[in-house]
Amino acid sequence: MVRNLFSAKVRKAAAKLVLSMIGLAALQGCENVQTTQAGAVGITRKQSMSVVVSREQIDQQAAAAYSQLRQEASQKRTLNTDPALLARVQGIANRLIPQVKVYRPDAVHWKWEVNIFQSNEVNAFCMAGGKIAVYTGLIQQLKITDDELAAVMGHEIAHALREHVREQQTRQQTAGLFTAGAVIGAAVLGYKIDPDVANTTTQLVYSLPHSREAEVEADNIGLELAARAGYNPKAAMTLWQKMGALSGGRPPVFLSTHPSPESRAADLARMSQVVQPLYEAALKNQPKR
Ligand SMILES: [Zn+2]
């Protein structure tokens, strides 16, 4: 028995050394990056990102999962293809997407996709690389206005721009709790995805509960994207109020991944003032809706 050759003290020291080497390896696999420019709302936080899991990899995996989600929804006839609704949601996306250049010019060239899924869930997400999903439950249960829908979509697009999922995976990886490829692989390959159970997948990989700082960033960037696209930034406040009021029954899925602390309303009120001039400028430059 090899371990009997060494004293407990030596074994303990060796274990410590191995652990610190693992820690070092994890740290060396990260780089500090600024995924976006600051924008008018001033996002300057540097993020620690794994170099082991590249953005390209995450984008590819997200694209594959999104494609499967859409395909299965299509087979089950839960892909909403109502022309009027599609025109409405895609129309909002088409005005928001060009605004992303303020934060990261490369994102203008992402392969953006927008689909509407038939489901009672109050939910929406934007996967890495610009794959947007809006659930009919969000539109119907909140009786959502275009300005509010722009706020939700802007917020979700912001998470993708800031690569918050990759950042969170990096954190978990660094903590030694996460094998990114395995979990993503399981989500892509192992789960039967349809809009009703997609929640499991989206929570696992794409809508992991975000940190408070990620939420504030998404709120602020979302406000700016919406304002620049000519949507009233104050709608973000009514949106979260409506979302909160819904929680009477089953809390909206959206809230389970988006902690909604009380300070959010105050933050949104303050920041909507900052982007108000951008909104007014956009209104002048755009045809009346
Ligand atoms: Zn969020």
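**Starting from one tyrosine**

Let's begin with tyrosine 103, which sits in the loop between helix H3 (83-96) and S4. One thing to keep in mind as I talk: what you're looking at is a predicted model.

So, is tyrosine 103 buried or exposed? It has 21 C-beta neighbours inside 10 Å, and the cut-off for buried is 20 or more, so tyrosine 103 counts as buried. And what does tyrosine 103 touch? Leaving out residues up to four places away in sequence, the list is Thr36, Gln37, Gly39, Leu161 and Ile221. Take glycine 39 from that list: tyrosine 103 and glycine 39 are 64 residues apart in sequence, yet their C-alphas are 6.0 Å apart in space.

Okay, let's zoom out for a second. The protein has 289 residues, and 43% of them count as buried. In terms of secondary structure, we've got 12 helices and six strands. And if you take contacts between residues at least 6 apart in sequence, 72% of those join residues at least 24 apart.

Now the sheet. Four strands make an open sheet, and reading across, the order is S3-S4-S6-S5, with mixed pairing. At the edges you'll find strand S3 (79-80) and strand S5 (124-127), each of which pairs on one side only.

S3 and strand S4 (residues 113-117) run antiparallel and are joined by two bridges. Which residues are the partners? Leucine 79 is bridged to phenylalanine 117 in S4, and asparagine 80 has isoleucine 116 as its bridge partner in S4. Moving along, S4 and S6 pair in the parallel sense, over five bridges. Isoleucine 116 turns up again here, standing opposite valine 134 in S6. A bit of background on strands: in a regular one, the side chains alternate between the two faces of the sheet.

Helix H5 (residues 146-161) lies across S5 and strand S6 (131-135), and it runs at about 30° to S5.

H5 also packs against other helices. As a reminder, two packed helices are described by the angle between their axes and the distance between the axes.

First up, H10. The axes of H5 and helix H10 (residues 235-246) come within 8 Å and cross at roughly 85°, so H5 and H10 are roughly perpendicular to each other. Who's meeting whom there? From H5 it's Asp147, Glu148, Ala151 and Val152, and from H10 it's Ala235, Ala236, Thr238 and Leu239. By class, that contact has five nonpolar, one polar and two charged residues.

Then there's H9. H5 and helix H9 (residues 212-228) pack at an angle of about 120°, and their axes are 7 Å apart. That makes H5 oblique to H9. The crossing of H5 past H9 is right-handed. The residues on the H5 side include Ala150, Gly154, His155 and Leu161, and those on the H9 side include Ala214, Glu217, Ile221 and Ala226. Over the whole contact of H5 with H9, we have 11 nonpolar, four polar and two charged residues.

And that brings us back to where we came in. Leu161 in H5 and Ile221 in H9 are among the residues that meet where those helices pack, and tyrosine 103 touches both Leu161 and Ile221.

Notes. Residues are numbered from 1 along each chain as its sequence is written. This is a predicted model: local features need pLDDT of at least 70, side-chain atom pairs count only at pLDDT 80 or more; totals for chains, interfaces and linings use all residues. Two strands pair if DSSP finds at least two bridges between them. Two residues are in contact if their C-beta atoms, placed from the backbone, lie within 7 Å. Axes are lines fitted to C-alpha atoms, for helices over the stretch in contact, and angles run from 0 to 180 degrees between N-to-C directions. Angles under 35 degrees count as roughly parallel, over 145 as roughly antiparallel, 65 to 115 as roughly perpendicular and the rest as oblique. Ala, Val, Leu, Ile, Met, Phe, Trp, Tyr, Cys and Pro count as nonpolar, Asp, Glu, Lys and Arg as charged, and the others, Gly among them, as polar. A crossing is left-handed if the near helix is turned anticlockwise from the far one by less than a right angle, and right-handed if clockwise. A residue is buried if 20 or more other C-beta atoms lie within 10 Å of its own, exposed if 12 or fewer, and partly exposed in between; C-beta atoms are placed from the backbone.
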